[in-house]
Each structure stands twice: as structure tokens, then as C-alpha cells.
Amino acid sequence: MATLRFAGLAIDKMPYWRCPVGPATDAILMHRFANPARFLKIARPLTGWLFWLGLFLLLIGAACGLFVTPADYLQGQTVRILYIHVPAAWLGMGGWSGIAIAALMQLVWRHPLAAIAGRAIAAPGALFTAICLMTGSIWGRPTWGTWWEWDGRMTSMLVLFFLYLGYIALANASARQGQQGGVSNVTAIFGLVGAVNIPIINRSVVWWNSLHQGPSITLRGSSIDGSLLWPLGLTLLGFSLLFGAIVLMRMRAILAENKVEARMQRLARG
Amino acid sequence: MNQWAFVIAAYAVTLAGTALVSLISWRGMRSAERRADQLSDRG
């Protein structure tokens, strides 16, 4: 029987090729990067580019947000916290969305890098969720007169932070038990189920009465004046690129640790 | 309290957190890849 090939890969020989609907193009492309060596060939140069470009955009955006844009007519100087608070919220929620996608790829397509990606996203995702909560609290004190309020947006964001902690604990426990990439199927299911919190966070300001303002930026436009809005694009892109670089660094570390572990086991067996 | 104090506190928290996670991730990657390379060199 002839071997089915696409882009130099023997598709039907892949142990993780169990797609019941047949080889779809997107799945073939997804498995093109299933090989760690092929992934590392791209990840190594990309890490530095993402990091330095992200840092550059972030610093430019933050400097413009601090010293170039005018103060808001209602919030005064505290509006400048927007330029770090919004990207942190975006990355906290985006990070968990990434974990859910990785979990789906792990459970359905058994993609060998999906578990590693999920584990790599967890720590920076948790950090940016914590930054979102802290900067929101710092902004809330002069604006609302309180550090914290148990309303829909803040509570659901706090739940997201606890979900991250749970995921990290489960992934670490899986890693100690020697699961591939450190993420067991139970951890992946937890990542998938936890994604239900993402639309809740997003819609919380619409569904419940909240101190938090409604959606300021939607597909239909922005309620924030253009003179205040433009540095947000720079910090949003800068933080996102930096987040990507951090995830790649952590994926590379896990792949190297797995390589050392496999080598040590082979040596121990003689 | 001066509004700038809140702004500076928020930026300091963000800067410290981002720098810390970047540094930890970079050091983790460097040491793991060095160990893997040393093992490969030994054959």
C-alpha cells in the first residue's frame, strides 16, 4: 500500500493520526509542526524577534501613554493605567483560550506539542491575570473609591486566576508522574471546561449591574476618544508579542527537559 | 493621594511582574537547553 504523503510527512504512519473524518488540509498543516525538531527550527529565531519587538512596542506605547496623551476629563491621570490594564486582561483571557485550544488538540488530534504549549501558557497567563486584577484594583481606588467590589467582572476574573492556579497544580502533578508534556488528559479536560469562564468574563458587564464600565471597544467601534486610544494598540501588540516569546521560551525549556529525561532513561537501561 | 502615585504603582507592578516571568522563563530555557546540549555532546 502506498504511503500517503503531504509536505514530506508520511501522514498515515503517524501514531497520532486518528482523525475519523480523513485528512483535512488544516489538520495536515497542524501536524506539519508536530515534529519537535521542525518546531524548534522555527521557534529558536522567532523567540528573540518576538521578545525584542514586543519590548520595543511596549516601551514606546507605555511612554506615549504616560507622557504624550492628554489626561481624561473625568478620570484625570488615572486613565493612563488603561494602557497596561487592558493588555493584561486580554492576555489573561487569551491565555486560557490558548490552553483550551491546546487541550482540544491534545484530546482530539493527540498533537504531541499541544500538551507542552498548554503547560507553557499557564504561568504567564496566570501572571497577566494577576496583573489585570492588581492594576484594576489600583485604578478602582481613586476612580470608584474602593480597592475591590464583588461584582461580575472582578469576581469572574478572580475565578480565572484560581483556574490558572488549579491548572498549574494539575500540570505539575502530571509532570511528576511522567505524562507526556506534563499535561494528562484530566488536566486537558480541566482546561477545556474552564473555558466556559471566558464568555462569562466578557459578557459580565452586560449581564449584571457592575461598577465596571460596559464594553468600551467593540467590533462596531470604540467609545474611547481617538486621542487617548492610539497608544493602546502599541501596548496591546507589544504585550502580545512578549507573551508569545515567553511561551516559546517555556516550550523550548520543556522540550529540552524531555530530551534530557529520555536520554537519562536510555542510559539507565544501558 | 496624588493620582500619579496610583499610575506609578500600576506601572511598577506590571513592569516587575513581566520582567520576573521573562527572566525566569529565559533562565529556565537556557539551563534546560545547555543540559540537553551537554548530554548530546557526550554521545
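In this predicted model, chain B meets chain A through 22 of its own residues, which are in contact with 29 residues of chain A. The side of chain B that touches chain A consists of 13 nonpolar, seven polar and two charged residues. The confidence scores for the model are ipTM 0.93 and pTM 0.86. For chain B the average pLDDT is 91, and 93% of the residues score at least 70.

Within chain A, helix α3 (residues 82-109) packs with helix α4 (residues 114-144): their axes come within 7 Å and cross at roughly 155 degrees. Angles over 145 degrees count as roughly antiparallel, so α3(A) and α4(A) are roughly antiparallel to each other. The crossing of α3(A) past α4(A) is left-handed. Their contact involves 19 nonpolar and 10 polar residues, and no charged ones.

Helix α4 of chain A also meets helix α5 (residues 152-176) of chain A, with axes that come within 9 Å and cross at roughly 155 degrees. By the cut-off of 145 degrees, α4(A) and α5(A) are therefore roughly antiparallel to each other. Here too the crossing is left-handed. On the α4(A) side the contact includes A:Arg119, A:Ala122, A:Ala126, A:Leu133 and A:Gly136. From α5(A) come, among them, A:Met154, A:Met157, A:Phe161, A:Tyr164 and A:Ile168. By class, the contact of α4(A) with α5(A) divides into 16 nonpolar, three polar and one charged residues.

Definitions and conventions: Residues are numbered from 1 along each chain as its sequence is written. Chains are lettered from A and ligands numbered from 1 in the order in which they are written. This is a predicted model: local features need pLDDT of at least 70, side-chain atom pairs count only at pLDDT 80 or more; totals for chains, interfaces and linings use all residues. Two residues are in contact if their C-beta atoms, placed from the backbone, lie within 7 Å. Ala, Val, Leu, Ile, Met, Phe, Trp, Tyr, Cys and Pro count as nonpolar, Asp, Glu, Lys and Arg as charged, and the others, Gly among them, as polar. Axes are lines fitted to C-alpha atoms, for helices over the stretch in contact, and angles run from 0 to 180 degrees between N-to-C directions. Helices (H or I, at least four residues) and strands (E, at least two) are DSSP runs, numbered from the N terminus. Angles under 35 degrees count as roughly parallel, over 145 as roughly antiparallel, 65 to 115 as roughly perpendicular and the rest as oblique. A crossing is left-handed if the near helix is turned anticlockwise from the far one by less than a right angle, and right-handed if clockwise. pLDDT is the predictor's confidence in each residue, from 0 to 100.
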